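My notes follow in the order of looking.

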Amino acid sequence: MSETTVTPTQVELEVGYAGKSIPRKEDQRLVKGEGVFADDLKRHGMGYVHFVRSPYAHARIVSVDVSQAEALEGVYGTLTPDEVAELTDPFFELTTPPGSQIKDYALAVGRVRHIGEPVVAVVAATRELARDAADLVEVEYDPLDVIVDARRAQDDDAPIIHEDAGTNVVWSGIFDWGDIDGALKAADRVVKIEELHFDRFASTPLECSVALVEYERATGQFTLYCNHQMPGVAAIWMGPALRVPLDKLRFVTHDIGGGFGNKITTHTYLTACCLLARKLKRPIQWTEWRTDQHMANAHGNERWFHDIEVAVQNDGTMLGFKVKAIDDCGAFPRYEPLGCIIWAQVTPGLYRWRNIRVDFTQVVTNKSPVAPNRGYSRMQQLWLTERICDIVAHELGLDPVEVRKKNYVRADEMPYETPNGCVYDSGDYARCLDIALELIDYEGVRARQEAGSGKLIGIGIGSTLDSGTNNFGQSTLLNPELQFSGNNEVATIKLDIFGEIVLTLGTVPQGQGHETVAAQVAADILGVSPDQIHVRPGHDSYWNSHAGFSGTYASQFAVTGLEAVKGATEKLSLEIRRLAGAVLGGADPDDIVLEGGFAKRKDNPETALPFMACGAIVNANNAVLPPDVRDVTLNCRYVYVPPFELPDKERKFGNLTLTYATQIHACVVEIDPETGDVELVDYAAVDDCGIRIHPQIVEGQVHGATVHAIGAALYETFAYDEYGQLLTSNFYDYHVPHALDLPEIKTGHIESPSPFSSLGTKGMGEGGGAAIHAICAAIQDALRRAGKPAIVNDSHNPPERVWRMIQNPEETATLVEVTAQ
Amino acid sequence: MSEHTIGVAVNGDRYEREVEARKLLVHFIRDDLDLTGTHVGCDTGNCGACTVLLDGRAVKSCMLLAVQADGAEITTVEGLSPEGELSPLQQAFSEHHALQCGYCTPGMLVSATYLLSQNPSPSEEEIRRGIQGNICRCTGYVNIVKAIRAAAGQ
């Protein structure tokens with residue numbers, strides 16, 4: 001075998017790619033316009049789908065007539081509610097009875113329950129024809145009473161949206177940790193807040209939802225070229241509904257134009273496309289229109305907080321709080337009621353509060369269904385904790401900075417167990433706050449506030465945690481019957497005949513740069529450059545490199561994704577070293593080192609086997625292999641499973657996520673007292689996500705999450721009128737931040753390695769809505785400094801709401817009451 | 001539906017096609033010419049993902065009918081640099097991490113190309129104004145502004 005032994009040329013090897021901001025592998029194709037997005041795909045004879053959608057928020061469907069549409073030349077066919085009811089079963093519901101009796105189909109069966117709900121699908125030879133034909137579909141409706149306000153959903157006279165359930169409540173339960181009644185008795189003061197409202201918005205990815213679905217009659221195989229960001233879960237919903245086993249659903253993704261959670265619940269549309277592909281015997285193309293996405297796909301959860309009582313000592317130490325929460329999930333639960341537990345990952349926010357009671361109820365309303373929008377469910381809870389902090393500080397005449405520092409979990413308490421059993425892995429919140437305050441020149445701005453000017457100046461802080469790597473066992477705290485727990489992610493790496501290293505991920509990235517970051521980690525283990533590692537873009541069920549929870553969601557790639565990459569690559573490294581050891585004279589794998597594309601003997605580096613030879617021997621010349629390495633395949637799959645246990649269902653107690661990244665934001669606003677217009681004049685975001693593999697990508701995620709939250713705080717709202725008509729159904733009315741709306745965003749960071757991930761990384765990217773909290777705090781600070789006793793009681797503050805707080809501060813001031821005892 | 005024959009030059013290549021009067025220019029570029037780098041992000045002319053150069057000026061190709069482009073010279077993202085090379089703006093976008101998902105990027109690059117053709121040394125305010133018609137949902141524009149400044153030699 002000496003002929004395969006060559007002397008390597010000396011390669012100047014740069015070691016340690018992890019931690020460096022190398023150019024992204026994805027960029028080369030994307031800046032050239034050569035990315036492959038789902039709408040770029042075409043197939044011979046494909047038909048374009050257009051959905052006929054409900055103009056009513058709530059109505060009985062009296063009749064559906066597709067005859068005129070089907071008669072139009074160029075129309076391939078239609079799909080009606082009756083066909084869907086016959087050919088599919090309702091999608092699986094996660095909640096307990098009676099909410100679980102809700103029936104959710106691919107099209108509206110019997111009733112429409114929100115504006116834009118798809119009722120009929122029409123397929124034609126062109127997009128334009130499909131739209132023309134949709135206009136010819138006759139649907140007769142009998143309008144019903146509407147519920148838009150979640151607070152009214154449980155009233156005796158409220159219309160029931162899902163008669164099968166007989167109630168508008170999806171899920172309800174009490175979480176009680178510590179002794180809040182005792183704390184409220186023992187406290188120097190009790191601060192009561194009557195009502196806070198977290199508004200409805202969505203991160204609205206620029207690429208709408210898309211699918212190209214093919215059906216192969218011979219095998220019954222559906223192939224879905226799409227931009228679903230969590231195909232494993234889509235398959236769990238769709239297989240039983242379509243009455244097919246999961247292997248008949250092949251999902252393929254490539255480049256995805258942003259997701260932010262809004263592409264997790266498109267299974268209703270994908271199911272309709274599957275039915276059409278099978279019925280019409282042709283590929284089916286669906287591209288959602290922007291207005292459709294806004295009306296009928298995925299909003300963020302809206303939440304009301306009532307009867308908040310906070311136990312406070314005179315020095316600002318907070319002992320805990322109780323609250324009643326009503327979550328509005330829109331017309332169908334879909335991914336819900338998971339939002340009824342996900343918030344519990346960050347129950348006390350960043351604070352040392354030991355006594356907390358949350359009475360949580362989720363209801364349906366006649367609005368768009370929700371989906372896990374960036375910061376999902378934790379953002380609402382963190383906004384509550386941050387609002388509590390500022391309101392308590394202002395009511396007690398204390399400094400919000402000092403109140404935070406007094407109550408933050410301290411660095412020397414890490415890892416810190418929260419009252420409900422979650423473990424905050426590492427961090428130094430107070431230090432992050434100091435950095436943020438320095439970045440906005442806190443002292444200087446305070447001096448400017450004192451000096452006064454025509455504008456109302458305010459400083460606000462938003463402290464959040466980005467909990468990453470879910471323990472899906474938390475779902476059993478909602479529904480003990482559910483058989484979900486833990487988490488997993490997969491990577492597969494192979495060394496091929498000509499030395500190609502091919503890495504396949506289970507994740508389904510939408511711009512997070514996974515190809516690059518995964519290559520950095522693998523390159524360091526194999527002693528090659530990231531350029532030498534081909535990371536397959538996207539996802540394909542046929543690669544068999546995915547597991548039940550695969551996908552890109554819930555801030556976990558840096559842990560689940562990279563642990564899988566590391567595990568698979570270490571397996572490959574060991575196989576290469578075993579093989580090379582055997583070939584190079586019987587050396588132990590530990591005596592072989594991988595460098596520059598060679599497996600070298602440590603005791604004699606000139607004796608080395610190139611990777612190309614390794615790949616060639618195993619794949620094409622294996623008769624030469626010694627018997628003890630004939631199990632080597634150089635094709636290694638690894639499934640990462642985090643060390644989770646089932647939570648305690650009785651106490652609703654347990655570790656719900658593995659890592660917690662910190663975000664401390666600080667901002668300065670100037671408010672025009674004449675108009676209520678809020679100008680963001682300075683902004684700083686400090687992030688701590690442990691070890692950063694690619695600092696530039698991390699900073700990019702910080703920017704993105706920040707701007708989503710700025711949009712939500714000032715510009716973006718899904719506003720409905722009393723009839724359930726959506727008033728902000730496109731980018732004219734739903735204003736997302738443009739370049740001129742934003743200040744420069746300053747960033748800072750510290751690195752507190754996670755003790756729970758082998759790379760010290762933490763999932764990050766969602767940011768917990770820190771800018772919403774910071775801007776609300778800054779508006780309240782500006783008002784208080786101007787002698788207005790208002791509280792900011794809504795997460796969304798357009799000029800007219802701010803103007804009202806200036807003109808009539810009593811309107812919100814009366815929501816707060818402080819009792820001394 | 002009336003059909004019309006139009007002739008356009010896109011990225012230097014000449015095309016002659018029959019199109020329906022109502023076909024949008026962006027659908028003509030994407031569906032008929034298969035130049036899929038130009039994207040669609042909204043129905044209303046707000047997002048700018050479909051921006052192309054039409055006779056040297058940046059236009060939103062979803063706001064024009066294909067027939068209106070008859071006789072025009074069009075540059076799409078695919079025409080911003082020769083095969084195998086990157087323009088200074090494309091290079092700067094990658095270096096400064098001015099793109100994440102890459103969906104807005106073609107339109108953003110075309111708008112930035114137009115901006116620099118009109119104003120080779122723009123201020124930050126002028127850059128922000130220049131890309132005001134392009135929505136990015138990933139980056140918060142921070143690194144896009146940096147990249148355009150860098151490409152302008154600042």
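The model is a predicted one.

Entry 1, the sheet of chain B.
I looked up the strand order and found an open sheet of five strands, β2-β1-β5-β3-β4 of chain B, with mixed pairing. Which strands stand at the edges? They are β2 (13–20) and β4 (57–60) of chain B; each has a single partner strand, so one side of each is left without a neighbour in the sheet.

Strand β3 (residues 51–54) of chain B runs antiparallel to β4(B), and four bridges join them. Within this pair I picked out Leu54(B), whose bridge partner in β4(B) is Arg57(B). I also checked what covers these two strands: α3(B) lies across β3 and β4 of chain B, at about 40 degrees to β3(B).

Entry 2, the contact between the chains.
I counted the residues on each side of the contact: chain B gives 42 residues and chain A gives 45 residues. On the side of chain B, the elements that give two or more residues are α2 (88–95), α3 (105–118), α4 (124–130) and α5 (142–151). Which of them gives the most? It is α2(B), with four residues. I sorted this side by class and got 18 nonpolar, 16 polar and eight charged residues.

I went on to an open sheet of four strands in chain A, with the order β18-β27-β28-β29 and mixed pairing. At its edges stand β18 (456–470) and β29 (746–749) of chain A, each with a single partner strand, so one side of each has no neighbour in the sheet. Neighbouring strands are turned by 20 degrees against each other on average, direction ignored.

Strand β28 (residues 678–688) of chain A pairs with β29(A) in the parallel sense, over four bridges. Asp687(A) stands opposite His749(A) in β29(A). Last, I looked for a helix on this sheet and found α13 (residues 442–451) of chain A packed on it, touching β18 and β27 (657–671) of chain A. The direction of α13(A) makes about 145 degrees with that of β18(A).

Terms used:
Residues are numbered from 1 along each chain as its sequence is written. Chains are lettered from A and ligands numbered from 1 in the order in which they are written. This is a predicted model: local features need pLDDT of at least 70, side-chain atom pairs count only at pLDDT 80 or more; totals for chains, interfaces and linings use all residues. Two residues are in contact if their C-beta atoms, placed from the backbone, lie within 7 Å. Ala, Val, Leu, Ile, Met, Phe, Trp, Tyr, Cys and Pro count as nonpolar, Asp, Glu, Lys and Arg as charged, and the others, Gly among them, as polar. Two strands pair if DSSP finds at least two bridges between them. Axes are lines fitted to C-alpha atoms, for helices over the stretch in contact, and angles run from 0 to 180 degrees between N-to-C directions.
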